[in-house]
Amino acid sequence: MIKEESITGRQLFAIVVMVQLGTEVLSLPHVEADVAGQDTWIAVLLSGLFAQLGILLIWWLGSRYPDRNLYTYISTIVGKPIGLCMNAVFGLYYAFSGFLLTTNYADVLKRWMFVLSPWWILLLMLLIVCGYAATSTLRSLALISQTMIIVPIVGFLLITLSGTYGFDAKNLLPVLSGGWNPVMKGAYAAFSSYVGYDLLLYAYPYVRSRSNKGLLLWMSIANAIAIVFYVAVCLVCSTMFSLRQLTYIPEPIVFILKNYQLEIIQSLDILFLIFYACVVLSTIYVYFFLSSKAFMHLRKNGWGKQSVWVWAIVCACFAGGFFMTKRSNIIQVAALQDQASVYLIVVLPVILLVLSTLQRTMRNGV
Amino acid sequence: MRKALAPLLITCLLLTGCWDQHELKKLLFVDIVGIDYAGDNRQLKVNFVISSLREANQGGGRPSAISYETTGVSLFDAVANTNKVVPGDLSALETRLYLISTRFAKDKPLNILNASSQFLSNPLYAHLAVYDGDLSELLSRSKIKDVPVSDLLMGLLEGEIKRGKIPSNKLLHYILGGTNFINDFALNRFVPSGEGARLAGLALFSDGRYTGTNLNNEETQLANLMNGAQGKIQTIVGRMDGSHYSVLVQNAKRKFRIVRSGEGINHIEVSLKLDLKIVEEDTELNKHSKDVFKSLEKTIEEDLTSKAVEVIATLQKANCDYFQLGHEVAAYHPKLYGKMNWRELYPKLRIKPVIHVNILNSGILE
């Protein structure tokens, strides 16, 4: 197996929180308003609970192969040819996820702040920083995430405190007026926000934890923090904006921050968007890192250097960015990525778990 | 190598300054946007009041306001036309007030004002108010009694909002479908007074249009309290037995109670509990006993209830559901609301004010 530096449970917690919180914090209430209406917060809460089930699933799978990451044990379960293909699929999936997140955030920056700056400059700016970070080890990435975790904490305080500027709890009523169907659809739409816990598929063997359950506890705390963050964001937005407003405003959080009137700081929304780069970039570089690792595992003893794979992915993303200048294209492609996430981090682990159980049963039977 | 690359990457983040920089000396900070119709057609007549600090190099500086009047089919057209005659870049970064004429207010003004959300760097904490007079004439004056017109209008608004006498009408609350549920609201109203302008209560809007009906200053304060405003030591002056009393509102708590009868609504109770300090009663100084307080409470309750009945009657006559009672019914009795035509029902509905007064003390005197 390719060598990797180990991380502590606390570092795993920091990195998972940072990966789970992405650009969705800005846009989730808008996306959900069309689907779940005033029951947005219930949909987002349910989605978080589904993510917790997903964590349990991956933890269970990982505990079967405590010394190996997904990219190495997948061939043991499904056979070498399919295993290698799956590694390639994971590599493409993570590269694509990073690419999509980069274009999404660059699009937000372009629309809100950098109107005159060329699109390619924004992309390059984000990609170079992420590429540079992604060439590091898992431990280095965890250390950066630990340092950056102050940014979502400040962001959370700003968002929740803005709720005191006047909210209307009536906007949340009546509860479940359209039944459970819109809520379940909303939970599916919100699931991509929680994606990031799948880091455990790779990181499981490298976490130094007192016990196997300790690792699960850190993952669950990280997911609980993400649930609290997303539900709070949705509650604040739903109580401060009418449903119609939420369907028009793609980034309601930015509008909420525009409401702050402070004597000493002007345009808190712009400051927030800039500092939010720390959160978004933390997700992107982890995706690039996971992608490069997946490609490296196409051979047993490692195929190529991590840095070469990362910069190759960065170049591909930069080239692809020229075809993603239209917002409608980004939204369309994001829907595809949502589906891919469900298949790769929910359905696939279930299949792998079933196959591994069957293999064990057969082996014991023999 | 990696360490040498790091500073290079940080400078990469400063690249956007090459394109999207704004030079402070070229920015024209629009303080007030005045909107009216030009002549008899639907062309907009927009006044931009630009505030600046002159002779700032000589210490405190001299605040001044310059007004530019322009026409256009929309707000963006008006901005484009102003740019052709005024050197510099108009900026909504410091816009504090959108003042609309009564003529413009009668024609669904929010449809036009929605475009203001597209102004980049627009803080959206600007207030929205109505001016019942010649808007261009008011805004064309650079100073009124040696105070810039923008400071005068904003000073009046902010002072009265802080004292809890009038509601805070922030633009963000109304635009982009903010009043979508029941499109009825009330905006603070200015009228000409001497050389300048003064606050004269609330202008009532029904279905997004100004009705031409207003509440006076006294009614506005009571309506504001009945709409859920907090007690902020507002002064209430009333009459009793040929004399008058003055009380200060320490706390205010408002509740709605919907009383149903079969498949309809019997009446809605608007209950208002006030904790008061009595600071003046009659012209003679009297020492207050427990019984005196009790009798005063009853008298004040009767006086305020009769005033509240008048406020509700005016609102119903104008078909302006300022208290958003329709939203209350929809939130707590959704099935009932679904069967009724609120717009037709509201003017005929029995709305009963119930005012409870509790005199806490008689100020700092016995």
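Which residues in α2(A) meet Thr40(A), Ala43(A) and Val44(A) in α3(A)? Select Leu28(A), Pro29(A), Glu32(A), Ala33(A) and Ala36(A) and you have them. A contact here is two residues with C-beta atoms, placed from the backbone, within 7 Å.

Some ground rules before moving on. This is a predicted model, where local features need pLDDT of at least 70 and side-chain atom pairs count only at pLDDT 80 or more, while totals for chains, interfaces and linings use all residues. Residues are numbered from 1 along each chain as its sequence is written, with chains lettered from A and ligands numbered from 1 in the order in which they are written. Helices (H or I, at least four residues) and strands (E, at least two) are DSSP runs, numbered from the N terminus.

**Stop 1: the helix pair in chain A.** Show α2 (24–36) and α3 (40–64) of chain A: their axes sit 9 Å apart, at an angle of about 110°. Axes are lines fitted to C-alpha atoms, for helices over the stretch in contact, and angles run from 0 to 180 degrees between N-to-C directions. So α2(A) is roughly perpendicular to α3(A) (65 to 115 degrees). The contact has six nonpolar residues, one polar and one charged. Nonpolar covers Ala, Val, Leu, Ile, Met, Phe, Trp, Tyr, Cys and Pro; charged covers Asp, Glu, Lys and Arg; the others, Gly among them, are polar.

**Stop 2: a cis bond.** Go to Pro174(A), in the loop between α8 (150–162) and α9 (180–194) of chain A. A cis peptide bond joins Leu173(A) to Pro174(A), with omega about -10°.

**Stop 3: where the chains touch.** Now bring up both chains: 25 residues from chain B and 25 from chain A form the contact. On the chain B side, α1 (2–12) and α10 (325–332) are the elements giving two or more residues, and α10(B) has the largest share, four residues. That side divides into 17 nonpolar, six polar and two charged residues.

**Stop 4: two domains in chain B.** Colour 24–215 as domain 1 and 223–366 as domain 2 of chain B; these bounds come from an automatic or database domain assignment. Their centres, taken over C-alpha atoms, are 32 Å apart.

**Stop 5: positive phi.** Most residues other than glycine have a negative phi. Lys108(B), though not a glycine, has a positive phi of about 45°; look between α3 (102–105) and α4 (109–113) of chain B. Lys108(B) counts as partly exposed because 15 C-beta neighbours lie inside 10 Å (buried is 20 or more within 10 Å, exposed 12 or fewer, partly exposed in between, with C-beta atoms placed from the backbone).

How values were computed. Angles under 35 degrees count as roughly parallel, over 145 as roughly antiparallel, 65 to 115 as roughly perpendicular and the rest as oblique.
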